[in-house]
Amino acid sequence: MSVNSTKTTQATHDPTHALRHDWPVDEILEMLNGPLDELVFRAQSIHRIHHPNRDVQLASLLSIKTGGCPEDCAYCPQSAHYDTGLQKEALLDRKTVAAAARKAKKAGATRFCMGAAWRHVKDGPAFDSVLDMVRDVRALGMEACVTLGMLTARQAQRLAEAGLTAYNHNLDTSPEFYGSIISTRNYDERLETLHHARDAGLDLCCGGIVGLGESPKDRARMIQILAQFDPHPESVPINALVRAPGTPLAERPPVDPLDMVRLCAVARITMPQSRVRLSAGRKELSREAQILCFLAGANSIFYGDQLLTTGNPDTEQDLTLLREMGLAVESATDQADHSKQTHKHI
C-alpha cells in the first residue's frame with residue numbers, strides 16, 4: 001500500500017471527520033464493496049456523533065395528482081407511456097389534502113410530502129392550489145415537501161414564500177446510466193431544478209433507486225454527486241425498485257437487501273448530517289433487513305400504508321419495530337433542533 005493510500009484510509013476511517021464534498025468515486029466504491037461489518041460499524045459510529053438523539057423521522061406521502069405523466073421513467077407506473085392499469089386522476093382538492101395531513105400528524109408524522117405526476121410545474125390555478133396546500137400543511141406545524149417535476153427559479157421562489165420546507169427531486173442513478181432509464185429529460189435538467197430549489201432557500205430531498213440494472217460504480221457515482229452539494233441534501237431517500245407490472249423493469253430480479261444496507265451506510269458516511277430515508281420498496285424488506293438499514297444510519301421512513309401508488313408497511317408495524325429497536329420517534333422539538341444542525345457547517 002502506498003503512502004498516499006494509507007493516508008486516505010486513515011482519514012476516511014476517522015468517524016469524527018468534518019463534512020466533505022470531495023469524495024472520489026473510487027473511494028466510495030471501495031466502501032460499497034468492502035466488508036459489511038466494517039462498513040456498518042463505521043456508519044453507525046458517524047451516525048451517533050451527528051444524530052445523538054437516535055430518533056427517526058416519520059414522513060407521510062400523498063399523491064395529489066396521480067397518473068398520466070408524460071415522462072418515460074422505466075420504473076414508474078404513473079408514466080403515460082406504459083399500460084400499468086393505473087387510472088389518471090385530477091389534482092386533489094385543498095380540503096382533502098389538508099384532512100390527509102391532519103390524519104398523518106395525528107398518527108405521528110412530522111413531515112407531509114405531496115407528489116404530483118407532472119413533467120414540470122406550469123404556472124396557473126393548479127400550481128396556486130399546491131401553494132395553498134403547502135400553507136395548510138405548514139399551519140399544522142409540520143414540515144412540507146413536494147415533488148412536482150422540474151421547476152423554474154421563480155416557481156422555486158414562490159414555493160419558498162408559501163413556506164415549503166423541502167423540494168424532492170431524486171437523481172435516480174448515475175449520469176452515465178441515466179439514459180438507460182429515462183429518455184424524456186436529461187441529467188442536467190434535474191440538477192438545474194435542484195439548484196433552483198437550493199437558491200430559493202429550500203431544503204433538498206434527493207436520493208436514488210437501487211435495482212434498476214445499474215452497476216456498483218453507478219451507485220457510487222450517484223452518491224458522489226449528492227455529496228458534492230454544499231450543504232448536503234437535508235434528506236436522502238434510498239429506494240429499492242418496486243417492480244410495477246407493465247413497466248419495462250417489471251421483470252428485474254428482486255433487490256438484494258444487503259445492497260440497501262450498503263447504500264444507507266455509504267450515504268450516512270458521506271453525508272453525516274442528512275436524514276437518510278428508507279423509502280420505496282421497504283415492504284419487501286424483512287424485519288431484520290430493515291433493522292440492518294437503521295444500524296447502517298437510516299433515520300427516516302415513509303410512514304403510512306401507501307406511498308404514491310405502491311404499498312408500504314402499516315403504521316403499527318413500523319412503530320412496533322422502532323420500539324423494539326429502542327429508537328425514538330422525532331418530535332416537533334427534535335425537528336427544529338435537527339433543522340438547525342443540518343444548516344450549520346462544521
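# Questions on a predicted model

Biologist: In which strand does S60 lie?
Modeller: The model is predicted, so the placement is a computed one. The element that holds S60 is strand β1.

Biologist: Is S60 buried or exposed?
Modeller: The cut-off for burial is a relative accessible area under 20%. S60 has a relative accessibility of 8%. That value is under the cut-off, so S60 counts as buried.

Biologist: What share of the contacts in the chain with a separation of 6 or more comes from residues 24 or more positions apart?
Modeller: The chain has 13 helices and ten strands, and 56% of its 346 residues are buried. Among contacts with a separation of 6 or more, the share from residues 24 or more positions apart is 75%.

Biologist: How many disulfides does a search of the whole structure find?
Modeller: A disulfide is a covalent bond between the sulfur atoms of two cysteines. The criterion is a pair of cysteine sulfur atoms within 2.5 Å. For C76, the closest cysteine sulfur is that of C73 at 5.9 Å, which is too far for a bond. Over the whole structure the number of disulfides found is zero.

Biologist: How are α9 and α10 oriented to each other?
Modeller: Helix α9 covers residues 216-228 and helix α10 covers residues 257-270. Their axes come within 10 Å and cross at roughly 25 degrees. Angles under 35 degrees count as roughly parallel, so α9 and α10 are roughly parallel.

Biologist: Which residues of α10 meet α9?
Modeller: The crossing of α9 and α10 is right-handed. On the α9 side the contact is made by R219, M222, I223 and A227. By class, the contact of α9 with α10 has six nonpolar, one polar and two charged residues. On the α10 side the residues are D259, L263, V266, A267 and T270.

Biologist: How are α2 and α10 oriented to each other?
Modeller: Helix α2, residues 25-33, packs with α10 at an axis distance of 9 Å. The angle between α2 and α10 is about 140 degrees. Angles over 145 degrees would count as roughly antiparallel, so α2 and α10 are classed as oblique.

Biologist: Which residues of α10 meet α2?
Modeller: α2 passes α10 in a right-handed crossing. From α2 the contact involves I28, M31, L32 and N33. The contact of α2 with α10 divides into six nonpolar, two polar and one charged. From α10 it involves R262, L263, V266, I269 and T270.

Biologist: Which residues are joined by a cis peptide bond?
Modeller: P231 lies in the loop between α9 and β7, the latter being residues 235-240. The cis peptide bond has an omega of about 5 degrees, and it joins D230 and P231.

Biologist: R54 is not a glycine; what is its phi?
Modeller: R54 lies in the loop between α3 and β1. R54 is partly exposed, with a relative accessible area of 27%. Its phi is positive, at about 50 degrees.

Biologist: Is D172 buried or exposed?
Modeller: D172 is in the loop between β4 (166-168) and α7 (175-178). D172 has a positive phi of about 75 degrees although it is not a glycine. With a relative accessible area of 2%, D172 is buried.

Biologist: What distance separates the C-alpha atoms of D37 and A296?
Modeller: D37 is in helix α3, residues 36-50. D37 is exposed, with a relative accessible area of 56%. D37 and A296 are 259 residues apart along the chain, and their C-alpha atoms are separated by 9.7 Å.

Notes. Residues numbered from 1 in each chain as written. Predicted model: local features only at pLDDT ≥ 70, side-chain atom pairs only at ≥ 80, totals over all residues. Heavy atoms only, no water. Axes fitted to C-alpha atoms, helices over the stretch in contact; angles between N-to-C directions. Helix = DSSP H or I, 4+ residues; strand = E, 2+ residues; numbered from the N terminus. Parallel < 35°, antiparallel > 145°, perpendicular 65-115°, else oblique. Left-handed = near helix turned anticlockwise from the far one by under 90°. Contact = heavy atoms within 4.5 Å. Nonpolar A, V, L, I, M, F, W, Y, C, P; charged D, E, K, R; others polar. Buried < 20%, exposed > 50% of the residue type's maximum accessible area, 1.4 Å probe, protein only.
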